[in-house]
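Morning, everyone. Let me put the structure up, and then I'll walk through it.

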Amino acid sequence: MGKRITWTTVLLVIVCALVALYINSYTSAWPKVITVTNVPATRTANLELQTVGAVGEKLDQKNPDWVSYLVRSHGEWVHTTIWQVPAHTLIHVTIYQYDSESGLRNPYLGQVQGTIGGVMTLNGKVVNQINPDSAAHSFAIPSMGVFVPLEGVNEEEAEKKHDFCEEAPCELSQAHNTISFSFRTGAPGHYRWQCFVPCGAGYTFGNGGPMSTLGYMGGFLYVV
Amino acid sequence: MDEINHGRRFTIIWAVCTIIAVPLVIWVLGPNLGYGEASNAGEDQATTLTVLAAIATPFLLLVGLYLVYAAMFFRQPRGQMLEGPAVRDDAKVQISWIVVTSITVLILAVYGSVALIQNYGDGTGSGASPLNRPSHVGLRVQVIGQQWTWTYRWPEYGGVETPGIEIPVNTMIEFNVTSLDVIHSWTVKELGIKADANPQVNNIAFAEPNRLLSFEYRCTELCGIWHGAMYGFGRVVTRPQFEEWIHKMQIKYRPAEKYLPPFALTYQPKFGSHRAGFEEES
């Protein structure tokens with residue numbers, strides 16, 4: 001009887017420890033935080049991003065074929081989606097978009113919202129809207145009212161020219177669209193951002209996989 | 001032999017507790033149940049829940065108090081192993097219990113059902129064909145859930161789509177709730193509204209806001225990684241304020257209009273290798 005109780009207790013402890021380890025590994029899988037370049041005198045900061053069709057083995061051995069955002073930090077492209085920016089500051093964002101078009105599910109989100117002037121520049125041209133079917137991804141901070149659609153690259157054309165970026169990090173010499181816009185941060189806090197194009201190919205409604213895993217198509221803006 | 005009349009004593013305890021507890025439930029607990037009363041639906045829900053709680057209280061006390069009473073007075077004396085008294089059935093008690101509880105449950109069911117029907121669903125999603133539609137709907141708004149935000153379309157204002165919501169006070173609003181992907185649920189506690197947002201389903205809820213206020217809407221159906229962030233704030237405003245706001249929205253979101261499908265009660269999400277948008281359901 002005593003032996004049975006001992007063994008049951010030992011087994012219970014082992015199971016509890018395994019569960020605790022699993023939960024800990026799950027909750028501690030948190031992308032690292034990148035502080036973006038801050039120019040204090042002008043109260044502005046620059047955020048440079050890249051959207052890619054496949055993050056590639058060099059940056060992510062777990063899910064190399066997932067779509068992802070990358071952020072530039074000290075000249076290097078880093079695979080994280082948590083970015084620290086200063087509060088009450090004008091943030092200039094530049095996104096190099098390398099992925100092909102897949103379309104917004106809700107065409108209304110094809111309109112630029114919440115940026116300075118309600119516009120963005122797409123390859124140097126000021127626009128306030130794109131054809132929602134031609135969006136590859138989008139950058140949105142819903143609680144700040146920021147929604148920016150990102151025009152997709154014409155994959156066929158790019159492949160003909162052999163300059164379609166298959167996996168990250170992509171080079172500026174490869175086919176891409178450059179999107180830039182500015183928005184102003186408010187009070188300190190953690191603001192989540194996400195892509196609204198259902199670009200998690202192969203997952204339910206396109207919103208699983210990279211759309212549902214922190215570190216790929218969604219993350220946080222730590223406003224400090 | 002035990003000379004105490006446990007039946008009488010327990011009945012007195014139960015009656016006293018009930019006389020104290022029922023008014024407390026009605027006047028103290030009821031108003032603090034946390035339901036919004038800023039619309040006809042919310043008010044009615046608060047009244048219904050208070051009535052149901054008051055009716056259920058004597059039964060809760062009966063069972064709870066008997067448990068405590070039995071534990072106190074019918075326990076095994078310390079250090080003794082005695083055979084308990086024989087368990088005998090009592091047809092009178094059994095029939096009384098079954099009849100009284102059945103009638104009470106029926107009353108609760110009828111009361112709740114009448115409240116739901118009389119008050120146009122009491123703020124709940126009643127499907128595409130509600131049993132009882134108000135004849136005086138003053139405004140329709142479509143609530144669209146999508147992973148992970150809410151947007152709103154206004155059929156009486158050219159089908160403009162907005163990221164936020166403002167509604168006029170003292171106006172019966174018809175909320176047409178739907179989804180573009182998975183199941184969401186649009187819930188506004190202050191207005192007593194809760195309607196599931198299902199893809200390709202028009203789930204209708206009615207509510208008439210009765211005061212000016214800010215309200216919070218949030219998703220109450222676990223819908224993925226950003227479910228917890230799927231909330232926002234709306235306002236109940238005067239009719240002129242609403243008209244001003246919606247006209248501003250029409251101007252602001254005009255660029256998006258040319259790509260929007262015609263207003264429809266539900267939408268057919270498009271899936272495919274290169275087109276994932278939504279279109280009017282045929």
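Start with chain B. The centres of domain 1 of chain B and domain 2 of chain B are 37 Å apart, taken over C-alpha atoms. Domain bounds here come from an automatic or database domain assignment. For chain B, that assignment gives domain 1 as 6-74 + 94-118 and domain 2 as 139-271. Eight residues of domain 1 of chain B are in contact with 13 residues of domain 2 of chain B. In contact means that the C-beta atoms of two residues, placed from the backbone, lie within 7 Å. On the domain 1 side of that contact, three residues are nonpolar, five are polar and none is charged. The classes: Ala, Val, Leu, Ile, Met, Phe, Trp, Tyr, Cys and Pro are nonpolar, Asp, Glu, Lys and Arg are charged, and the others, Gly among them, are polar.

Some ground rules. This is a predicted model: local features need pLDDT of at least 70, side-chain atom pairs count only at pLDDT 80 or more, and totals for chains, interfaces and linings use all residues. Residues are numbered from 1 along each chain as its sequence is written, while chains are lettered from A and ligands numbered from 1 in the order in which they are written.

Now chain A. The assignment divides chain A into domain 1 (1-30) and domain 2 (32-223). Their centres are 41 Å apart, over C-alpha atoms. The C-alpha atoms of chain A fill a box of roughly 80 × 45 × 35 Å along the principal axes. Of the 224 residues in chain A, 43% are buried. Buried means 20 or more other C-beta atoms within 10 Å of the residue's own, exposed means 12 or fewer, and partly exposed is in between; C-beta atoms are placed from the backbone.

Next, the cores. A nonpolar core is a set of buried Ala, Val, Leu, Ile, Met, Phe, Trp, Tyr and Cys residues joined through C-beta atoms within 7 Å. The largest has 55 residues, and Leu47(A), Val52(A), Val85(A) and Val148(A) have the most contacts inside it. A second, separate core has 35 residues, including Phe175(B) and Val236(B).

How do the chains meet? 25 residues of chain A are in contact with 25 residues of chain B. The chain A side has seven nonpolar, 14 polar and four charged residues.

Last stop, Gly159(B). Is Gly159(B) buried or partly exposed? Gly159(B) is partly exposed, because 16 other C-beta atoms lie within 10 Å. Leaving out residues up to four places away in sequence, Gly159(B) touches Arg153(B), Trp154(B), Leu260(B), Pro262(B) and Phe263(B).
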